[in-house]
Amino acid sequence: MKTKLFNFTLINSRSGKIMILLILCTGLFFTSCRDYLDVVPDNTLTLDDIFSVKEEAYNALAKVYSYMPREDRADFSSYMLGDDFVGRLRYNTRTDRLRGIAIMRGLQSVGDPRLGRWCDNSTEGTKSLYQAISVCNIFIDKIDMVHDMDDLEKADWKAQAKFMKAYYHFLLLQKYGPIVISDKQISAEATSEELFPFRSKVDDCFDYIVRVMDEAIPDLLERRTSIDFGQVDKMVASAIKARVLVFRASPFYSGNREFYEDFLDRDGKPFFPVDDDAAKTKAKWKDAVDAIDEAIEICEKNGKGLYTFDKAVYPYDEEDFELNEETLKTYYDLRMVVVDPWNKELIWGYSSLNITSIGSNFPFQNVCNIQLPVGYTPGTTNENTGSEMWMAATFKMLDRYYTANGLPLEEDRTFNRNTRYNLVFTPAEDSPEYQSMRGIMQPDVETINLYLNRELRFYANLGLTGGYWRSHAHRIKTTMYAYQAGGYKTDEYNLCTGIGVQKLVHPESKSGDWRRFVRFPYPIIRMADLYLMKAEAMNEYLDVPNEQVWDPINKVRFRAGIPGVQAAWGSSGFVRPEYVNKHTTKSGMRDIILKERSIELAFEGIRFWDMVRHKRATAEFSTPIFGWSVMKETGSDFFVVEMKEDRSFQDTYYLWPIDLNELNTNSNLVQNPGY
């Protein structure tokens with residue numbers, strides 16, 4: 001019986017175990033394809049049997065998607081790379097938990113690479129993306145054999161497999177730089193050159209990925225609907241192609257003499273394009289601009305755009321919504337943009353969400369959600385299961401978000417850094433001063449100046465003392481002091497920084513059982529990312545930024561309820577004198593765009609790669625993680641900054657190490673520098 005297919009879980013159609021006759025899989029060494037399809041027939045099948053009927057081929061297409069990274073699981077997610085999150089501090093003594101954070105703590109190794117996926121890694125429970133590519137190649141070779149499908153459907157399925165093959169190559173390139181291109185299935189008569197391939201130059205890898213995506217796009221359906229959400233269509237493929245070309249043009253991957261002038265292939269030539277001059281780089285950015293324009297055009301034509309909340313607000317917000325409608329309407333746009341499933345902004349999302357128990361999977365909703373305090377529902381028992389509250393935001397996130405004027409804290413002359421940690425009380429509910437923060441901050445409660453007069457994404461994404469946390473179908477009044485709502489409970493259940501992440505928690509998700517989660521696809525790419533890519537690519541392509549740069553970033557800023565860049569950095573009266581007209585220079589606008597991306601796409605696994613692309617990762621990720629003194633019960637004791645976790649990111653970590661076993665198997669491979 002078929003289950004929902006493109007949750008990327010496999011379909012069980014029979015009982016037993018498929019045994020596929022001798023198949024030689026691509027990769028750097030032979031791997032068995034016995035687990036090519038994890039379906040269960042009554043008797044032995046060959047590949048020809050599998051691709052004889054549509055039902056079996058549909059299982060094979062599900063397998064093509066099944067290798068996608070598990071971004072929903074905290075232990076395996078690339079969202080943990082960067083400096084947005086920090087988890088349980090006792091995991092600092094372990095390398096089998098929160099692998100992304102382990103990398104940020106300097107624990108990457110040749111013997112046991114984390115989140116690499118060049119080859120199988122049993123300690124991480126992950127399979128090689130080269131095995132995934134092999135599955136794609138088999139599918140592409142065999143799908144035309146299916147007799148009960150028409151040619152258009154076969155072409156669409158084949159195009160999906162082609163795109164996924166290119167996408168898996170791109171995921172490898174992101175981490176390893178030069179990779180082995182695996183375009184064809186290795187036959188039983190393979191030569192030694194085919195069995196032991198060399199890594200390709202970085203530009204050749206990008207060219208191959210883009211070429212295969214270009215081959216796939218014409219045969220894809222323009223738009224998926226309903227049960228097919230999650231399958232690749234022209235919108236997805238065009239958007240991801242645009243991302244690939246942005247990576248290709250970025251300083252790390254183009255003209256990177258600073259890092260990799262001496263990183264040479266066996267032929268003595270550099271793996272990276274170290275000699276890209278200004279004209280070559282500009283041409284690459286022009287390619288990115290063109291691809292982004294094509295992606296935006298096809299997405300907007302099919303109804304995609306920035307998300308706006310169009311449902312009834314939750315009952316607990318009705319009164320405040322009537323009294324502060326404009327603010328709360330914007331708040332709902334921002335609070336629900338990720339968790340409202342398959343909304344108009346999401347272009348492609350990871351929807352595996354294969355949750356059959358909570359403890360063994362650690363989905364973000366489980367580890368981020370705070371517990372429902374006693375008193376909100378009769379008989380509430382402060383249930384841990386399903387709301388373990390041990391994944392926190394780092395202290396850096398408090399500084400990263402803008403002021404209400406749409407400016408960074410250090411660039412807004414109305415923000416006083418000397419008093420930012422001072423304890424204050426929010427205005428009383430019946431005071432005029434409370435009107436603008438109604439529904440955003442609680443009235444007449446203790447908090448600090450740092451938490452006031454900030455942009456609405458600050459309140460929609462984070463969990464703060466004096467604010468609200470919307471989950472368990474309640475609006476919880478949070479005070480992160482020990483033993484209060486959202487605060488320290490035990491050494492196991494606490495947000496170690498005293499700062500929560502509610503962006504990845506659906507307001508209706510509840511504790512007690514995994515079936516009470518409201519599931520949503522984790523974003524891979526959404527329209528806000530595409531608009532911000534447009535701003536970045538145009539800024540890099542033009543000599544001086546203009547409306548072609550400002551307009552797409554302003555779309556995102558206006559949705560967030562803050563002024564456009566011209567107003568914020570012009571003569572608004574809020575920007576400090578030394579930053580006036582920052583938006584009129586290429587370098588100034590580059591910083592503004594990267595800042596905007598780090599806020600709008602916070603907790604979505606984007607910032608790490610942005611810092612890598614721009615060669616800023618070492619500077620950004622080599623400082624410790626700080627937080628509040630969470631075991632304290634009063635504001636004066638709680639709001640004391642403490643170091644929580646050391647971080648160490650070196651230039652070496654820009655690229656992942658190739659597993660030592662791979663190097664021992666294939667002597668033609670060259671290890672990445674520093675390992």
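These exercises work through a predicted model of one chain.

**Exercise 1. The whole chain**

Task: Find how many helices and strands the chain has, and decide how compact it is for its length.

Solution: 
- Start with the secondary structure. The chain has 23 helices and twelve strands.
- Next take the radius of gyration, which is 25 Å.

**Exercise 2. Burial, contacts and charge**

Task: State what share of the residues is buried, what share of the contacts joins residues at least 24 apart, and how far apart the mean positions of the charges are.

Solution: 
- Burial: 62% of the 675 residues count as buried.
- Contacts: consider pairs at least 6 apart in sequence. Of these, 72% join residues at least 24 apart.
- Surface: the accessible area is about 24900 Å², and carbon and sulfur atoms supply 49% of it.
- Charge: the chain carries 82 positive and 98 negative charges, and their mean positions are 1 Å apart.

**Exercise 3. Helix α4**

Task: Compare the span of α4 with the expected one, then find which elements cover its buried residues.

Solution: 
- Locate the helix. α4 runs over residues 129-142, which is 14 residues.
- Check the span. From first C-alpha to last, α4 reaches 20 Å, close to the 20 Å expected at 1.5 Å a residue.
- Count the burial. Twelve of the 14 residues of α4 are buried, so the helix is mostly covered.
- Name some of them. The buried residues include Y130, I133, C136 and F139.
- Find the cover. It includes α1 (47-50), α2 (54-65) and α5 (151-176).

**Exercise 4. E261 and F259**

Task: Is E261 buried, partly exposed or exposed? Which residues does F259 touch beyond four places in sequence?

Solution: 
- Apply the cut-offs: buried is under 20% and exposed is over 50%. E261 has a relative accessible area of 38%, so E261 is partly exposed.
- List its contacts. Beyond four places in sequence, E261 meets N256, P270 and V274.
- P273 is twelve residues from E261 in sequence and 8.7 Å away, C-alpha to C-alpha.
- Turn to F259, which lies in helix α9. Leaving out residues up to four places away, F259 touches F252, K615, D651 and Y654.
- Finish with V544. F259 and V544 are 285 residues apart in sequence and 27 Å apart, C-alpha to C-alpha.

Note on methods
Residues are numbered from 1 along each chain as its sequence is written. This is a predicted model: local features need pLDDT of at least 70, side-chain atom pairs count only at pLDDT 80 or more; totals for chains, interfaces and linings use all residues. Side-chain values use heavy atoms; hydrogens and water are left out. Helices (H or I, at least four residues) and strands (E, at least two) are DSSP runs, numbered from the N terminus. The radius of gyration is taken over C-alpha atoms; the globule rule is 2.2 Å times the number of residues to the power 0.38. Buried means under 20% relative accessible area, exposed over 50%, partly exposed in between (1.4 Å probe, protein chains only). Contact means heavy atoms within 4.5 Å. Accessible areas come from the Shrake-Rupley method with a 1.4 Å probe; for residues, only the protein chains shown count as cover. Lys and Arg count as positive and Asp and Glu as negative; His and the chain ends are not counted. The place of a charge is taken as NZ of Lys, CZ of Arg, CG of Asp or CD of Glu. The expected span of a helix is 1.5 Å times one less than its number of residues.
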